[in-house]
Amino acid sequence: MDRLLNMVLRGCLGMVGIYLCNMILVSQGCEYFGAINIVTFLLCSFVGLPGIVVVFFVTFVRATTGI
């Protein structure tokens, strides 16, 4: 039970982190936004802060390569 609560908390904090990063990027005029969905929630739940980095890295790579 404690482990499940820890994962849910990390997922929620990850979503807050992605939201805050998106707000910072908007204020700077950037066009790249990290997605907030169930996949990113699960990614942040399992790996924590590196999950946020992965979300923005994938977003940047997709935007620059046109995939």
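Begin by selecting Met-15, Ile-18, Cys-44, Ile-52, Val-55 and Phe-56, the six residues that make up the largest nonpolar core, where a nonpolar core is a set of buried Ala, Val, Leu, Ile, Met, Phe, Trp, Tyr and Cys residues joined through side-chain atoms within 4.5 Å. Helix 1 (2-27) and helix 3 (49-65) each supply at least two residues of this core, and helix 3 gives the most, with three. Buried here means under 20% relative accessible area, exposed means over 50%, and partly exposed lies in between, with a 1.4 Å probe and protein chains only.

The model is a predicted one, in which local features need pLDDT of at least 70 and side-chain atom pairs count only at pLDDT 80 or more, while totals for chains, interfaces and linings use all residues. Residues are numbered from 1 along each chain as its sequence is written, and side-chain values use heavy atoms, with hydrogens and water left out.

Next, zoom out to the whole chain and colour it by secondary structure, which comes to three helices and zero strands, running α-α-α from the N terminus on; helices (H or I, at least four residues) and strands (E, at least two) are DSSP runs, numbered from the N terminus. The C-alpha trace spans about 40 × 25 × 15 Å along its principal axes, and 24% of the 67 residues count as buried. Of the contacts (heavy atoms within 4.5 Å) with a separation of 6 or more, 58% are between residues 24 or more positions apart.

Then select Thr-40, in helix 2, which counts as buried because its relative accessibility is 8%. Leaving aside neighbours within four places in sequence, Thr-40 is in contact with Met-15, Ile-18, Ala-35 and Val-55. The side chain of Thr-40 also reaches the backbone oxygen of Ala-35 at 3.2 Å, which can be displayed as a polar contact (a pair of N or O atoms within 3.5 Å; within protein, one must be able to donate a hydrogen and the other to accept it, and residues adjacent in sequence count only if both atoms are side-chain atoms).

Move on to Thr-59, in helix 3, which likewise counts as buried, at 19% relative accessibility. A polar atom of the side chain of Thr-59 lies 2.8 Å from the backbone oxygen of Val-55, and, not counting residues up to four places away in sequence, Thr-59 touches Tyr-32, Phe-33 and Gly-34.

Now switch to a surface view. The accessible surface comes to about 4,900 Å², of which 74% belongs to carbon and sulfur atoms. Select Val-16, Tyr-19, Leu-20, Met-23, Val-26, Phe-33 and Ile-36, which make a nonpolar surface patch of about 650 Å².

A distance drawn from Met-23 to Phe-33, ten residues apart in sequence, gives 9.0 Å, C-alpha to C-alpha.

Finish at Asn-37, found in the loop between helix 1 and helix 2 (38-47), where a relative accessibility of 36% makes the residue partly exposed. The C-alpha atoms of Asn-37 and Arg-10, 27 residues apart along the chain, are separated by 14 Å.

Methods:
Accessible areas come from the Shrake-Rupley method with a 1.4 Å probe; for residues, only the protein chains shown count as cover. Patches are made of residues with over 30% relative accessible area and no salt bridge: like charges are joined within 9 Å, nonpolar side chains (Val, Leu, Ile, Met, Phe, Trp, Tyr) within 5 Å. A salt bridge is a side-chain nitrogen of Lys or Arg within 4 Å of a carboxyl oxygen of Asp or Glu.
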